[in-house]
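Subject: Structure handover

Hello,

Here is the structure I said I would pass on. My notes on it follow below.

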Amino acid sequence: MSASTLPSELAEPASDHQLLEVSLGPQHPSTHGVFRMDVSLDGEMVVKLKPVFGYLHRNHEKIAEKCSYLGSIPYTDRLDYICSLTNNWAYAMTVEKLAGLVAPERAEYIRVILSELTRLINHSALAGFLLQDMGALGTPLMYAFREREKILDLFESLTGARMMCNYMRFGGCRCDLPPGWIEQTRSLVANFPSFLDEFEALLTGNEILQARTEGVGVLTPQLAVNAGVTGPMLRATGVNYDIRKVDAYGVYGRFSFRVPLGERGDVFDRYMIRILEMRESLKILEQALRDIPAGPIIDPKAKLRNLRPKPGEAYGRIEGPKGELGFYLISDGGPNPYRYRIRPPSLINLTILEDMCLGQTIADAVVILGSVDIVLGEVDR
Amino acid sequence: METIEQIKARIEAAAPGTRAEIVLNGSPANQPSLLLDCGHARAVAQFLRDDPALAFDYASNVTGVDWPEKTIKEKIKVKKMMEGVEKEVEEVCERKTPAYLEAVYHLYSMARKHGPLILRLRTENRADQVALPSLTPVWRSCEFQEREIFDLYGIHFEGHPDLRRILMWPEFTDYPMRKDYVEADDYEYEPTPHDAVLARARQHYPGGTPA
């Protein structure tokens, strides 16, 4: 239908037609932290949406330029505070590239195990929060957090901390696994599918969940690739790009697992991809726990204190639970990095927030934001 | 993936007049980069994205780097006549590197699963000629990251659809990530500064306490 055949009231807004501007956030439970969206509404429909950032900005990058290489590791925990161990890994890996260190095999296995456990934490918590945003207050989130607690107990017995783990070092890991840890993890991995089945029985077939998510916030693969969307968001649109497969960093090349892909790129696909990725993570965990070799956990050449890499630069990236988490370091030969840059997946996945929300209702915008999976500690840095 | 020399040759053939220069990287990571001239950067970016063999459809990481003017002391050997005999003498000479701001783009290909290709763009100086062409029209993923560079480094991206501050507040005037940035004494205004804030503030008022 061309514009000329449209009824006149649709072609041009009537003069008494006013847009309502709403500032959603920064203190709003659905924004998952201090984040604001300036929304213009036509009735209930979103016609403009501008995300506003910076409430948690502390210029992490500048602070890290004043710290030694070792001193920044605890600070990376605070980026995406749900997944501190994957942040540690991305940073440790980049310093290893910059300084030419190689982590021993056992350390690489420990890293894989910890990062897949982190993925379980992130995806189950996200599914809980997403349902919370749709109005299922409490129950799904508490189910997810019950499982998260068990994994945090494992982290605590290994690293001494539940969330701010500060565990990985360039060239390996800080300490070896405590006795009995592998058996405990194995029993957690064996019991996790029953949680997923229970969670799915409660939610996936639920009529309200399907009504609120199917066809909502559709993202096309072309736009997703061009806008640099990564992680489960990208794979929900059907683009097969998982850095664990593409780069096969660490020892990921040794495990057999599949990359779940979506078809429509709507909120339901994003929810489903995360559930399926958890099942694949369990497969990786089973193999890693079975094959983990004995041996040292840190490169004996690794000089933790007063590391001075040769002048140069390195970019390292991993498949974090939220997408491609990258670090870019420039060394000028000194004890501090000359430039320390984080590629935050949460921030870049928000680039297309407006495109996904246009034409949807304000209540759907909340759900769409929930499905992007942001953590403001990482968005604002 | 083609080597960086091959890519350089392809770029120069595709966009005539482009000056591309390979910047070597001394670290074991061995990730060399291509320094492009600003005039042809957009055309080169378009070529890199659309060429079927290269297909760099995904600009992963975009960031700024500040390179202030630096004095480098170098020892050079000079032949000199000393007491009638020609001798080689070491002399220390100083040279200054030019100051500039740099934008670095890390490109990957999702279609062909290769990368990274690293592009660099440099401004004329750090003071008044700080404009670079924006690559947001080619890759949407640059949108927020170029805004962040504008915010923290003060590089002005020409052709960016929405160049505003992103992390700092709109009234903020300085560029915090620059190497010569001086921190404010007091980010949140304290009517009666005390303790550490007061000690920092006093440095600016040698005569006494600030009002």
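A residue is called buried here when its relative accessible area is under 20%, and exposed when that value is over 50%. By that cut-off, 62% of the 381 residues in chain A are buried. Please keep in mind that this is a predicted model.

Overall form. Chain A contains 16 helices and 8 strands. Its C-alpha atoms fill a box of roughly 75 × 50 × 35 Å along the principal axes. The radius of gyration is 22 Å, which agrees with the value near 21 Å that a compact globule of 381 residues would have. Among the contacts in chain A with a separation of 6 or more, 72% are between residues 24 or more positions apart.

Surface and charge. The accessible surface of chain A is about 13900 Å², and carbon and sulfur atoms account for 55% of that area. Chain A carries 41 positive and 47 negative side chains. The centres of these two sets are 9 Å apart.

One residue in detail. Ser40(A) sits in strand E2, which covers residues 36-42 of chain A. Is Ser40(A) buried or exposed? Its relative accessible area is 7%, so Ser40(A) is buried, since the cut-off for that is under 20%. Leaving aside residues up to four places away in sequence, Ser40(A) touches Leu20(A) and Glu21(A), and also Met45(A), Val46(A), Val47(A) and Lys48(A).

Regards

Technical notes: Residues are numbered from 1 along each chain as its sequence is written. Chains are lettered from A and ligands numbered from 1 in the order in which they are written. This is a predicted model: local features need pLDDT of at least 70, side-chain atom pairs count only at pLDDT 80 or more; totals for chains, interfaces and linings use all residues. Side-chain values use heavy atoms; hydrogens and water are left out. Helices (H or I, at least four residues) and strands (E, at least two) are DSSP runs, numbered from the N terminus. The radius of gyration is taken over C-alpha atoms; the globule rule is 2.2 Å times the number of residues to the power 0.38. Buried means under 20% relative accessible area, exposed over 50%, partly exposed in between (1.4 Å probe, protein chains only). Contact means heavy atoms within 4.5 Å. Accessible areas come from the Shrake-Rupley method with a 1.4 Å probe; for residues, only the protein chains shown count as cover. Lys and Arg count as positive and Asp and Glu as negative; His and the chain ends are not counted. The place of a charge is taken as NZ of Lys, CZ of Arg, CG of Asp or CD of Glu.
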